[in-house]
Amino acid sequence: MSQTKVEAPFIQRNEIFRNKFCNGDFQVHQRFDGSATAASTAYMSFDRIKTLLINTGAAWTIEKETLSVTDLATTGHKQALEVKCTTADTSTGAAEYNAVFFSLEANSLQDLNYGTSAAKSLTVSFWVRSYQTGTFVLTAAKSDSTTYYNPKEYTINASNTWEHKTLTFSPTAGGTSLITSSNGAIPNDNGQGMHFYFMLNAGSNYHATNDTWATSGIATSNQTNMMSSTDNHWSITGLQIEAGDQATDFEYLPFDVQLRRCERYYQIMQEGNNMPLGLCAYYSSSQISIHFPYRTTMRTTGSLVVPTVSNGYIVYRNGGTDNFDDVLLGQLTQYSLEVYNNSDMSGTAGQTGYARLANASSYIAVDAEF
């Protein structure tokens with residue numbers, strides 16, 4: 001009896017994972033609980049997002065905005081990143097700026113062919129809502145090796161209204177050849193291949209020509225001052241970055257997939273009161289060691305992130321316990337972490353034990369962001 005062969009559907013290149021920015025729907029926030037948090041120059045909010053406050057007299061918060069059913073129907077998203085001005089700065093100094101910042105890893109950008117005559121455009125699309133109307137700037141920067149910047153303006157037309165924006169960054173924007181020359185190449189490594197600035201305000205030291213690649217400049221003189229009043233707020237969601245000169249529909253990925261992509265850059269090994277850390281061994285009577293294999297291979301070896309909490313950690317061993325305040329870094333690779341404590345222990349060399357967190361503020365994490 002003959003059988004009919006059924007061919008698998010053909011999936012075009014870049015149909016899956018075409019969004020080069022992970023967490024564009026702002027579902028993952030390992031570093032904070034989503035409530036309003038005072039911004040500083042650090043990664044301290046949604047995963048992959050850094051806030052930049054440079055020489056500024058303004059202050060602002062960043063928080064998770066839960067969108068209404070009406071907003072969901074408009075944007076297709078349930079939550080957004082929201083910025084609120086909390087201390088106004090009505091006159092932006094020449095050396096001041098505030099921005100929401102994010103990066104892309106170099107080895108995920110090789111299909112752009114930067115550094116050649118075949119360099120491709122890059123298209124960024126997103127939903128934005130702002131109390132202020134006017135001209136805002138999103139700046140793309142090719143950062144690996146020689147750095148080039150392209151500040152591109154977009155207009156917010158209506159107050160407190162979700163608007164969808166699409167910005168295409170041509171490799172020859174402004175008639176330049178910086179990206180198509182050899183210095184425009186992005187090395188195929190785990191470095192910072194490109195970074196982007198959603199500008200909130202910027203002084204004259206940072207002004208450059210709209211939609212033109214140059215060696216400096218992350219804003220234009222038309223940039224609206226989002227820090228001018230404590231009434232001001234600005235939100236984005238549905239952020240997508242893709243090769244080519246056309247925006248496609250937002251690429252929705254399962255939460256677990258987004259989380260694993262984010263964990264390449266920041267990974268919490270454990271957090272919360274009474275949460276298990278795992279087996280540990282007494283190297284000596286006064287030192288224990290704990291080993292953690294990562295769930296996801298990290299971008300680089302990174303650094304240990306752990307708070308000091310009085311009696312925030314505990315080891316159960318040989319019918320007794322040892323409380324300790326923190327852990328120190330033993331060994332760190334892209335694949336696993338070893339930590340130890342040699343200040344609060346009183347066991348027996350060679351014993352094993354079981355370690356737990358002992359305080360709601362305790363956690364152990366590894367940071368491999370740029």
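**Salt bridges and sheets, term by term**

Modeller: A search of the whole structure turns up 13 salt bridges. The model is predicted, so local features need pLDDT of at least 70 and side-chain atom pairs count only at pLDDT 80 or more, while totals for chains, interfaces and linings use all residues. Residues are numbered from 1 along each chain as its sequence is written, and side-chain values use heavy atoms, with hydrogens and water left out.

Colleague: Why is the contact of R31 with D367 called a salt bridge?

Modeller: The term needs a side-chain nitrogen of Lys or Arg within 4 Å of a carboxyl oxygen of Asp or Glu. In R31 and D367 the closest N and O atoms are 3.5 Å apart. That is inside the limit, so the pair counts. R31 sits in the segment before β1 (37-38) and D367 in strand β21 (residues 363-367), so the bridge ties together parts 336 residues apart in sequence.

Colleague: How do you know whether R31 is buried or exposed?

Modeller: Relative accessible area decides: buried is under 20%, exposed is over 50%, and partly exposed lies in between (1.4 Å probe, protein chains only). R31 has 18%, so R31 is buried.

Colleague: What makes D211 and K152 a salt bridge?

Modeller: Their side chains meet at 3.0 Å, N to O, which passes the distance test. The two ends lie 59 residues apart: D211 in the loop between β10 (192-202) and β11 (233-243), K152 in strand β8 (residues 148-156). D211 has a relative accessible area of 24%, so D211 is partly exposed. K152 has 13%, so K152 is buried.

Colleague: And what makes E263 and R295 a salt bridge?

Modeller: The N to O distance there is 2.9 Å, again inside the limit. This pair also links distant parts of the chain: E263 in helix α2 (residues 255-263) and R295 in the loop between β14 (287-293) and β15 (303-305), 32 residues apart. E263 has a relative accessible area of 2%, so E263 is buried. R295 has 41%, so R295 is partly exposed.

Colleague: Which residues are linked in a network of salt bridges?

Modeller: E65, D71 and R129 are linked in that way.

Colleague: What makes β7 a strand?

Modeller: Helices (H or I, at least four residues) and strands (E, at least two) are DSSP runs, numbered from the N terminus. β7 covers residues 134-142, nine residues, so β7 passes the length test for a strand. Eight of those nine are buried, so β7 is largely enclosed by the rest of the structure.

Colleague: How do you know that β7 and β8 pair?

Modeller: Pairing asks for at least two DSSP bridges between two strands. β7 and β8 share nine, so they pair, and they run antiparallel. Within this pairing, L138 stands opposite K152 in β8. K152 is the residue that also meets D211 in a salt bridge.

Colleague: What lies between β7 and β8?

Modeller: The two strands form a hairpin with five residues between them. In that turn, S145 has a positive phi of about 65 degrees.

Colleague: How many bridges join β7 to β10?

Modeller: Five, with the strands antiparallel, so this pair meets the pairing rule too. The bridge partner of A140 is F196 in β10.

Colleague: What is the order of the open sheet of five strands?

Modeller: The order is β2-β5-β10-β7-β8, with antiparallel pairing.

Colleague: Why do β2 and β8 stand at the edges?

Modeller: Each has a single partner strand, so one side of β2 (49-54) and one side of β8 are left without a neighbour in the sheet. For β2, six bridges join that strand to β5 (residues 97-105) in the antiparallel sense.

Colleague: What is the order of the open sheet of six strands?

Modeller: The order is β1-β3-β4-β11-β6-β9, and the pairing is antiparallel. β1 and β9 (163-169) are the edges, each with a single partner strand, so one side of each lacks a neighbour in the sheet.
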